[in-house]
Every structure is written in structure tokens, then in C-alpha cells.
Amino acid sequence: MTKQSIAKFCILTASILALPTLSFAGKEIVSKDKVPVEVAKESCITGDLGVNVVSQYISRGLIFENQGGIVEPYADLYFRLYQGDGFINKVSANIGIWNSFHSRHTDAGEASGNGVGNHNASSTASWYEFDFTAGLAVTFLKNFTFTPSYYTFLSPNDGFNTFQGLNLNLAYDDTDLLGKFALHPHVTVLFELENKAGNGSDEGIYYEVGVAPSTPLFGKDSGLTFTLPVTAGFGSHNFYAKDAGFGYVSAGGQLSYALAFVPKCLGAWTVNGAATYYYLGSDSLRTFNTQPANDVRDAKNSEWVFSGGLAVSF
């Protein structure tokens, strides 16, 4: 074969090898040993979890423990079912758990009749409360969110009888209206269906109104946020003993700091600290808070609760 023939053969061979590439111009060629990378899709499941350490456990104005160590871990999951631009903007299902562990074994055995303060009445004497909630959050007119939820409160250490209730919450995001001065108001109604969350003689109704304005400190990029929650609680139909109407009012400040050094793939981590003042306006609350007689609760009108915690959202 002459040099000229060899040259022609090489040119022909190169042309044939190039045909596949030319034929598929503009299309990505994936070799058999490589897997195409799919674009990450936004998850329809979000959630949060965390733990708080508190100086007192006060719920709806009732003091359940004010001594020893109190640790309160929690977790929530949210499932987005719908999102649109009509009257209803978003629908999500949610489930959550909340716990309160007490080093003093608060009221262990009381519900089972083994006697208040019997620390040996239960193998879970430190586990005072376990709450389970399930609900549906409906956002409408962009800024209103209505959340009906089923509540059940259990006591693993037999400190109280299992409670069941229906909770209705309406929240309004007024950021578009007030900007950085937004109050984020909410209204809550809790119907006691079985046993008590209050201290009255029969199943009743609890009402709550509150605001929680917040603002970043030292600029948006500082990661530091200050929140000022103010809440007032009321009762009817024997939610509080003697059918008291006004239960309490609370106000406080909370600082939260975003841990920016944590990789985003691990969620958004924050630490927080808070101080909350309670004014107990009902004589029946102060009477409840002194019981049982051998406990360390008191009948003061004013109480402070200090807390700190860690939270993760994803």
C-alpha cells in the first residue's frame, strides 16, 4: 500500500468514527459506566426536632413541677398535600410528639392510686408526660392558617389520667401588613373531650390569644433573632376550678442563634434561651399549684420560667 493510499485510509477511518458524534450533535452522550444525575426535587416532607431544659413546667397556668431537672424533647413531621394560588393556598398534614422528663418523679403513681410521690410506683417514674398530636394545617387567603388537631396527653409514670382533646388554632401572618413590626397573632380553642388539661371538675373549654413579634438583631446575616411572645389564657365550663374565667397572662423574651457552620444537608440548627413571666390571676390556679400538700409548689401570683434548648429543622 502506497503512502497516498495509507493517508486516504486514515482519513476515511476518522470520518467513520466521527459519524456518531456528528449525528447526535446537541445531545449528551452518556457512557455505559456513568449514571445520569437527576435534578434534586423539593421534598413534600419537612419537620423539626429538639430539646429544651426548663426551670419550671407550667402549662396553661398550672404548675406541674418547679423543682429539680426538667427536660422536654419533641419532634414533628409535616406532609404537604396541596399547594396552589386559589382561595386555599396550602394544605399539610402534621403529627408530633412532646415529652417531659422530671428528675423528681413528679406525681408518680397518683393516677393508679399508689400514692403521690411513690417513686417506685412505675418503672418510668421520671417520664411524667408524653403527648401525641395529629392535625391538618390549611393556609387560605395567603396569610391565614387554620389548624384543627387531635391531642392526647399520657403519663408513663401514672401521674395523671390520659387526656384527649380537640384543639383549633387560627394564626395570621401580618408580615405583608406590618413588615418588621409584624405581631404574628393567633387564637386557640381547646375542647376537653376526656379527662382534664385544666383543674376543673368536668370537661371544659380553654381559650388562648397571643402574639409573637420577632426581629433579627445586628442585621439579617448575624443569625441572631429576638422574639417577644405574649399569651393570655381563659377557661369556661369548668376548665379551671370554680369555673374561673381568666387564668393567666405570660410575657417573655427569647433569643435564638442559627448555627451557620452546620452543613445545610444536615438541616437548620439553632440554639435558644428564654425567660418568661407568668401572672396567675385565678385563685383556683393558686390552690391547684399548692397540691399535693407534701409537694414544693407554691401559691404565688408571679412565676418566672427560664429555658434553653437546641432545635433542628429540615
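Predicted model: local features only at pLDDT ≥ 70, side-chain atom pairs only at ≥ 80, totals over all residues.

Reader: What percentage of the 314 residues is buried?

Author: Buried residues amount to 35% of the 314 in the chain. The secondary structure consists of three helices and 16 strands. Of the contacts between residues at least 6 apart in sequence, 59% join residues at least 24 apart.

Reader: Which residues make the nonpolar surface patch?

Author: Val 51, Val 53, Val 71, Phe 101, Tyr 257, Val 271 and Leu 310 make this patch, which covers about 490 Å². One of its members, Val 51, is located in strand β1, residues 45-54.

Reader: Why does Val 51 count as partly exposed?

Author: The class of partly exposed residues lies between the limits for buried, under 20% relative accessible area, and exposed, over 50%. Val 51 counts as partly exposed because its relative accessibility is 31%. Phe 101, another residue of the patch, is also partly exposed, with a relative accessible area of 31%.

Reader: How many aromatic pairs are there?

Author: The count comes to 18 aromatic pairs. One of them joins Phe 101 and Trp 127, and the pair is stacked because the ring planes meet at 25°, where stacking requires planes under 30 degrees apart. The centres of these two rings are 5.4 Å apart.

Reader: Where in the chain do Phe 101 and Trp 127 lie?

Author: Phe 101 belongs to strand β5 (residues 88-102) and Trp 127 to strand β6 (residues 127-140), so the pair links distant parts of the chain, 26 residues apart. Trp 127 is partly exposed, its relative accessible area being 27%.

Reader: What kind of aromatic pair do Tyr 128 and Phe 160 form?

Author: Tyr 128 and Phe 160 form an edge-to-face pair, with 5.4 Å from centre to centre and 70° between the planes. Tyr 128 lies in strand β6, whereas Phe 160 lies in the loop between β7 (144-154) and β8 (163-172), so the pair ties together parts that are 32 residues apart in sequence.

Reader: Are Tyr 128 and Phe 160 buried or exposed?

Author: Both residues, Tyr 128 and Phe 160, are buried. They also belong to one aromatic cluster together with Tyr 57, Phe 64 and Trp 98.

Reader: Which residue lies over the face of Tyr 206?

Author: Arg 60 lies there, at 5.6 Å from the ring centre of Tyr 206.

Note on methods:
Residues numbered from 1 in each chain as written. Heavy atoms only, no water. Patch = residues over 30% accessible without salt bridge, like charges linked within 9 Å, V, L, I, M, F, W, Y side chains within 5 Å. Areas by Shrake-Rupley, 256 points an atom, 1.4 Å probe, with all protein chains shown as cover. Salt bridge = Lys/Arg side-chain N within 4 Å of Asp/Glu carboxyl O. Helix = DSSP H or I, 4+ residues; strand = E, 2+ residues; numbered from the N terminus. Buried < 20%, exposed > 50% of the residue type's maximum accessible area, 1.4 Å probe, protein only. Contact = heavy atoms within 4.5 Å. Phe/Tyr/Trp six-rings, centres within 6.5 Å; stacked < 30°, edge-to-face > 60°. Lys NZ or Arg CZ within 6 Å of the ring centre and 35° of its normal.
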